[in-house]
Amino acid sequence: MKHTAITILLVAALMTSCDTTPKTANAQTANQETEKALPYQVRQTHRGDSARITAWLKEGSALKSSENLVMFYARKFIGYPYVAYTLDQDLEEGLVINTQGVDCTTYVENVLALTACAKKHQTTFADFCRMLATVRYVKNDVAYISRQHYFTLWLSDNIRDGLVADIQLPPAPLSATRTAHVDYMSTHVSSYKMLNAHPKWLPAIKELEQQVNRTKFTYIPKAQLKDSDKYRKYVRDGDIIAIVTDKAGLDISHVGFAIWHKDGLHLLNASSLRKKVVDEPMTLYQYLQKQTKSVGIRVARIL
């Protein structure tokens with residue numbers, strides 16, 4: 001009996017070993033195949049990013065069509081830490097994947113890429129990487145000079161790609177028109193790690209800024225948000241909120257998602273103030289009053 005029990009235990013151990021090893025190998029092989037299939041380097045910041053993404057994509061793809069996918073994914077990140085300069089930790093550009101620490105822009109990018117994939121029932125890590133490259137770069141070109149560094153360019157490019165749409169707002173005074181004027185990157189090169197290391201990229205960045213400076217857009221003046229209820233039929237939960245700024249050289253200072261509460265419109269965002277992704281307890285109007293350079297908000301909708 002003793003020998004029989006030992007034999008059973010050894011067989012069970014071998015079976016367990018044989019069962020787990022191929023799974024690990026398969027996961028590693030899948031990730032390696034993903035990177036080989038893509039024409040750029042994929043940089044996963046945390047072990048488990050790819051597994052988390054594929055799990056989330058499968059969850060989202062299985063939801064009913066009536067579900068708000070944007071809010072489903074936006075809420076996945078609540079409580080995750082805010083991490084500044086998420087994309088600029090290295091001196092060479094790569095497709096950075098980070099699901100466990102986001103800044104305001106990468107938070108919106110991750111949610112948009114997840115939503116777009118899930119709507120198409122694309123559930124692989126490679127699918128997500130391709131979509132994120134489309135969201136983050138002009139013409140999917142994963143290069144520093146093709147990254148949409150200014151949010152006005154980000155919106156224009158993603159509108160052109162059919163991923164988002166501008167919101168049709170009511171006429172003045174409930175809305176206003178503004179022409180972008182940006183030059184912050186070209187006048188503050190030392191603040192940008194990669195650009196400072198590669199001064200040869202500066203002419204391309206200046207050209208990018210000139211492109212942004214030809215853009216006009218409609219926005220909601222922040223004073224009008226004191227009674228945000230008048231925008232309920234225009235702004236929905238999950239719409240992208242971009243805060244328009246008067247800070248010299250910039251167009252947009254912060255981004256997040258619209259979320260309605262009983263007391264009005266709020267901002268779901270990766271907050272540098274609160275050091276994490278939060279459903280901001282202040283109304284958006286109250287929040288903007290504390291941002292002295294804020295002018296109002298631009299609103300776009302994920303399609």
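Mentor: This is a predicted model. Helix H4 (residues 104–119) and helix H6 (residues 151–160) have axes that come within 12 Å and cross at roughly 10°.

Trainee: What makes H4 roughly parallel to H6?

Mentor: Angles under 35 degrees count as roughly parallel. The axes of H4 and H6 cross at roughly 10°, so H4 is roughly parallel to H6.

Trainee: Which residues make the contact?

Mentor: From H4 come Thr-105, Val-108, Glu-109 and Leu-112, and from H6 come Phe-151, Trp-154 and Asn-158. By class, the residues of this contact of H4 with H6 are four nonpolar, two polar and one charged.

Trainee: On to strand E10 (residues 294–302): why is E10 described as largely enclosed by the rest of the structure?

Mentor: A residue is buried under 20% relative accessible area. In E10, nine of the nine residues are buried, so the strand is largely enclosed by the rest of the structure.

Trainee: How do you know that strand E5 (residues 216–221) pairs with E10?

Mentor: Pairing needs at least two bridges. E5 and E10 have two bridges, in the antiparallel sense, so they pair by that cut-off. Within E10, Gly-296 is the bridge partner of Pro-221.

Trainee: How many bridges link E10 with strand E6 (residues 240–245), and how many with strand E3 (residues 164–166)?

Mentor: E6 and E10 pair over six bridges, antiparallel, with Ile-297 in E10 as the partner of Ile-243. E3 is joined to E10 by three bridges, also running antiparallel, and Ala-165 stands opposite Arg-301 of E10.

Key
Residues numbered from 1 in each chain as written. Predicted model: local features only at pLDDT ≥ 70, side-chain atom pairs only at ≥ 80, totals over all residues. Heavy atoms only, no water. Axes fitted to C-alpha atoms, helices over the stretch in contact; angles between N-to-C directions. Helix = DSSP H or I, 4+ residues; strand = E, 2+ residues; numbered from the N terminus. Parallel < 35°, antiparallel > 145°, perpendicular 65-115°, else oblique. Contact = heavy atoms within 4.5 Å. Nonpolar A, V, L, I, M, F, W, Y, C, P; charged D, E, K, R; others polar. Buried < 20%, exposed > 50% of the residue type's maximum accessible area, 1.4 Å probe, protein only.
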